[in-house]
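Subject: Structure for you to look at

Hello,

Here is the structure I said I would pass on. Please open it first and keep it beside you while you read the notes below.

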Amino acid sequence: MIIAYSCWKPALCLLSATATRTRRASQPPTRRRTTELNMAAPVSIGQRLDSLKGFGPGFDFMRIALAMGVLISHAGNLAIGDGLKQTPFWFVEFSILPMFFALSGFLVTASAMRLNLRDFLIHRGVRIVPALFVEISLSALILGPLLTTVPLREYFSDPMFFGYFLNIFGIIQYHLPGVFTENNVAQYVGVVNRSLWTIPHEIFCYVVISLAIYWNVFNNRRAGALFFATIGVIYVALSFLRWLPLEPTTVKAVTDFGDQVRALLPFFILGCGLYLLRYRIPFDYRIFLVCAVFYVAVAFLGNSGLVNKFGMRPVTSIVFTYMVVFLGLASLPRLPFYSKGDYSYGIYLYGFPLQQTIMQLFPAAKNMWIFVPASIVAATAVAVFSWHVIEKPALRLRKSLSLTERGHTRRVKDPAMPKPVEVAADS
């Protein structure tokens, strides 16, 4: 019996190995990749994303953290003016919105690669517009009449009241008649919602992605390289517009346009590029640590004049983008209460008018130790309402409004291009 076993043992081992190879070959590519990654640490951002089945555990954490960063930044500006800018927190203020847009570029590109143009616009529209419409309406129709210092008849007949609704279309208006006119910080006197300034930038980013979808940029490597190279050339050209031999008024208009385009779009584009090149960029904590050291060094040793220099912008852009995506894919803890919904958009959108209201009704709240917690509680409460009553129900309309729910069924024309991974919660 022992002799028989010794004769059959090599054959049994061979059959076992063959069965294992067959079983692995029969697995879908994504499952095989995930199995392999369980045995070895991911070496690229794409592999890390695949191993997490397209959902980075830190994305929700980062969105809430960045929204809270905006809230704390506004709290400091409203309570103590530019006081925070004299501390290392100035660089946190400087980096929050760039990181927001870089993360958005990464997530939105994942969504865009699996949708046609019509469905992409529907997805973006139902994610952004309903909460924006409600916030603008509540500010103009309820908050304004309650806090205005002018008679209601004058308030509702003022062109400023009607103009405020242009915010819904991305034409930003900050003022309502007689509202928040007693703020002690000059730059925020009468400003109802300072956070709205990013809405046109967000719309512009979606226009860029829409053009990319229309021209099939994501499915063709050469077209993608040409498209983003063109954007890079335009970005550099906009930096030199102020030296063109034009009339002063024209120069100012062109320069203002260039500054607007260059403010946040580069970070969004870098987020797009990081997703498209996700299998070529390492997911490496050592790279993250280098970026983090650079971040801390600039925060303590640098200033806004340094980071706004032309040579520093590309460096900070890359650092911000890598850091926020790395943290989004890292195993960050789930926030117990905030993990029940995507409250970041509501916190960002409603935070500033709530803070202005607190400052007007409770002047003693100028103490930062009181103002910041009060702002967080108020903004979170309204954000929870917005998510469960407005945003989440609106998102359910996507399937009924879209022609198709493409998922992963989109055909990839360029065999060299990796298939997109569906990233959850692409807001």
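I will start with one residue. Ser344 touches Arg63, Ile64 and Ala67, leaving aside residues up to four places away in sequence; a contact means heavy atoms within 4.5 Å. Ser344 sits in helix H15, and helices here are DSSP runs of H or I with at least four residues, strands being runs of E with at least two, numbered from the N terminus. With a relative accessible area of 5%, Ser344 is buried. Buried means under 20% relative accessible area, exposed means over 50%, and partly exposed is in between, using a 1.4 Å probe and protein chains only. The side chain of Ser344 also makes a polar contact of 2.9 Å with the side chain of Asp342. A polar contact is a pair of N or O atoms within 3.5 Å; within protein, one must be able to donate a hydrogen and the other to accept it, and residues adjacent in sequence count only if both atoms are side-chain atoms.

Some notes on the source. This is a predicted model, in which local features need pLDDT of at least 70 and side-chain atom pairs count only at pLDDT 80 or more, while totals for chains, interfaces and linings use all residues. Residues are numbered from 1 along each chain as its sequence is written, and side-chain values use heavy atoms, with hydrogens and water left out.

Now the whole protein. Its secondary structure comes to 17 helices and 0 strands. Of its 427 residues, 48% are buried. Among contacts with a separation of 6 or more, 77% are between residues 24 or more positions apart.

The largest nonpolar core has 95 residues, of which Phe106, Phe218, Phe228 and Ile347 touch the most other members. H5 gives the most to this core, with 14 residues. A nonpolar core is a set of buried Ala, Val, Leu, Ile, Met, Phe, Trp, Tyr and Cys residues joined through side-chain atoms within 4.5 Å. Phe228 touches Val217, Phe218, Ile269, Cys272 and Leu276, again not counting residues up to four places away in sequence. A second, separate core of 12 residues includes Met359, Ala365, Phe371 and Val372.

Helix H16 (residues 368–395) has a kink of about 45°, centred on Trp387. The bend at a residue is the angle between axes fitted to the seven residues ending there and the seven starting there. Trp387 and Ser344 are 43 residues apart in sequence and 9.3 Å apart in space, C-alpha to C-alpha. The buried residues of H16 include Phe371, Val372, Trp387 and Leu395. Those buried residues pack against helices H4 (59–80), H6 (117–147), H15 (344–361) and H17 (397–401).

Glu93 belongs to helix H5 (residues 89–112). Is Glu93 buried or exposed? At 15% relative accessibility, Glu93 counts as buried. Its side chain makes a polar contact of 2.6 Å with the side chain of Ser73. Beyond four places in sequence, Glu93 touches Ser73, Asn77, Leu84 and Lys85.

How many disulfides does a search of the whole structure find? The search finds 0, a disulfide being a pair of cysteine sulfur atoms within 2.5 Å. Cys205 has its closest cysteine sulfur in Cys272, and at 7.7 Å that is too far for a bond. Cys205 is buried at 1% relative accessible area, and Cys272 is buried at 0%.

Last, two backbone angles. Most residues other than glycine have a negative phi. Phe180 has a positive phi near 55°; Phe180 lies in the loop between helix H8 (159–163) and helix H9 (199–214) and is buried at 2% relative accessible area. Asn216 has a positive phi of about 60° and lies in the loop between H9 and helix H10 (221–238). At 22% relative accessibility, Asn216 counts as partly exposed.

Regards
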